[in-house]
Amino acid sequence: MKHLTVKAPAKINLVLEVLKRRKDGYHDIRTVMHTLELADSLTLTARRTDLVVSCDRTDVPTDERNLVVKAAQLLRAEYKVEQGVHIHIQKRIPVAAGLGGGSSDGAAALVGLCRFWNIPVDYERLQGLAAQLGSDVPFLLRGGCALGTGRGDRIFPWQAAPGLWMVLVNPGFAVPTPLIYKNLKLPLTRRKNYITLLRPAISKKNPEKIGEYLYNQLETVTLKMHPEVRRIKEILAACGVSAALMSGSGPTVFGLLPSPEVGRVVLKTLGSRYPFICITRTTGPLD
Ligand code: ATP
C-alpha cells in the first residue's frame, strides 16, 4: 500500500463526572462520550525507514509531543516494524478545545498504521497502547458512544445515536486540561446518578430527553475562568437549542439541535462573532 487516508473524529462529553483525585495525579471520572462527523484526516504515505509527521497548522507540534508521532513509535516497537511512514495531519478540529482532536489523531494513527503495515487490527491489544497515549484515546479507537470509567480509559460501549444535529461553538482560546483539573474543588456530596437515565434517551435518539441529563462537572472551573463560555451557552439557549454544554475541559460548547433549522438560526445570530462555529452530526462506531 502506497497511500491511505483515515478519519479522526471529534468527540463530545455528554456527561463528565469527577469522582476522586488519585494518588498518581489523575482523577477517576465517569464520562459518556459520543463521536461526531467533524474530523481531522490523516494521510499515510510509505517511506523506507524514517517516521515523518507534518500538519497543516503551524501551532501543532510535529515532534514527539504530537500523539501521532507517539502512536507510530509505540506501534513500531510493539510489532517490531522496520518500515517508515509519512503522516500528514489535516486539522479541522480546533486545538485544545475539549473535542479530543489530538487524542483522535493518535487513535487514528494506531488503527491506520495497522492497516498500512498489514498488521491484523486487534482492538484489545491496541487498547493498551491507546491508554499509554492518553485517557480519551481508547474510546476514539472505535468511537460511537461509550461510557468511560477510571481515567476515562476503561470503555463500555453503548448503542450510539448517529445522525443527531449539533452545533459547536469555540471562542478561540485554548484551555489546558491539567489546569482545569488542578483548580477543581470536589463537592462533598455526589449528585444524583443521571447516567443510567441517559442511556435509554440515547438509544431512543431523543434530543430533548438527552438534553435533560447533560452534565459536565468541569464547567464549575472553566466557566468561572472564562465567562465567555457561559455567554455562549446563554446565546445557544436563546436560539432554541434543546440543551447546551461545555465539552471536556472546554472551551468548546455544543448545542443539541431539535432540527437543522435551529442551527441556521444559531449561525445567523452568531455571525462571525467566534472564530469557530460548525454544524455537525453524531456518528456511530468507525468500521
Ligand atoms: P484533551 O481534552 O485530551 O486535553 P483537547 O481536545 O482539549 O484534548 P487537543 O486538541 O488534543 O486538546 O490538544 C491538546 C494539546 O495536545 C495541544 O496543545 C497540542 O500541543 C497537543 N497535541 C499533540 N498532538 C496533537 C495533534 N495531533 N493535534 C492537535 N494537538 C496535538
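## Ligand shell and aromatic pair

An oxygen atom of the ligand lies 2.9 Å from a polar backbone atom of Gly98. The model is predicted, with pLDDT of at least 70 needed for local features and 80 or more for side-chain atom pairs, while totals for chains, interfaces and linings use all residues. Residues are numbered from 1 along each chain as its sequence is written, and side-chain values use heavy atoms, without hydrogens and water.

**Exercise 1.** Find how far a backbone N or O atom of Ala97 and one of Gly102 lie from an oxygen atom of the ligand.

Step 1. For Ala97 the distance is 3.3 Å.
Step 2. For Gly102 it is 2.8 Å.

**Exercise 2.** Describe the shell of residues around the ligand.

Step 1. The shell (a heavy atom within 4 Å) has 20 residues, of which Gly98, Gly100, Gly102, Asp105 and Thr177 come nearest.
Step 2. Sort them by class, with Gly counted as polar: nine are nonpolar, seven polar and four charged.
Step 3. Helix α2, residues 101-116 (a DSSP run of H or I, at least four residues), gives the largest share, four residues.

**Exercise 3.** Locate the aromatic pair and classify it.

Step 1. The whole structure holds one such pair (ring centres within 6.5 Å).
Step 2. Its members are Tyr194 and Tyr213, with centres 5.7 Å apart and 35° between the planes.
Step 3. The pair is tilted, because under 30 degrees would be stacked and over 60 edge-to-face.
Step 4. Tyr194 lies in the loop between α5 (177-182) and α6 (195-203), and Tyr213 in the loop between α7 (207-212) and β8 (215-216), 19 residues apart.

Methods
A polar contact is a pair of N or O atoms within 3.5 Å; within protein, one must be able to donate a hydrogen and the other to accept it, and residues adjacent in sequence count only if both atoms are side-chain atoms. Helices (H or I, at least four residues) and strands (E, at least two) are DSSP runs, numbered from the N terminus. Rings of Phe, Tyr and Trp (its six-membered ring) pair if their centres lie within 6.5 Å; planes under 30 degrees apart count as stacked, over 60 as edge-to-face and the rest as tilted.
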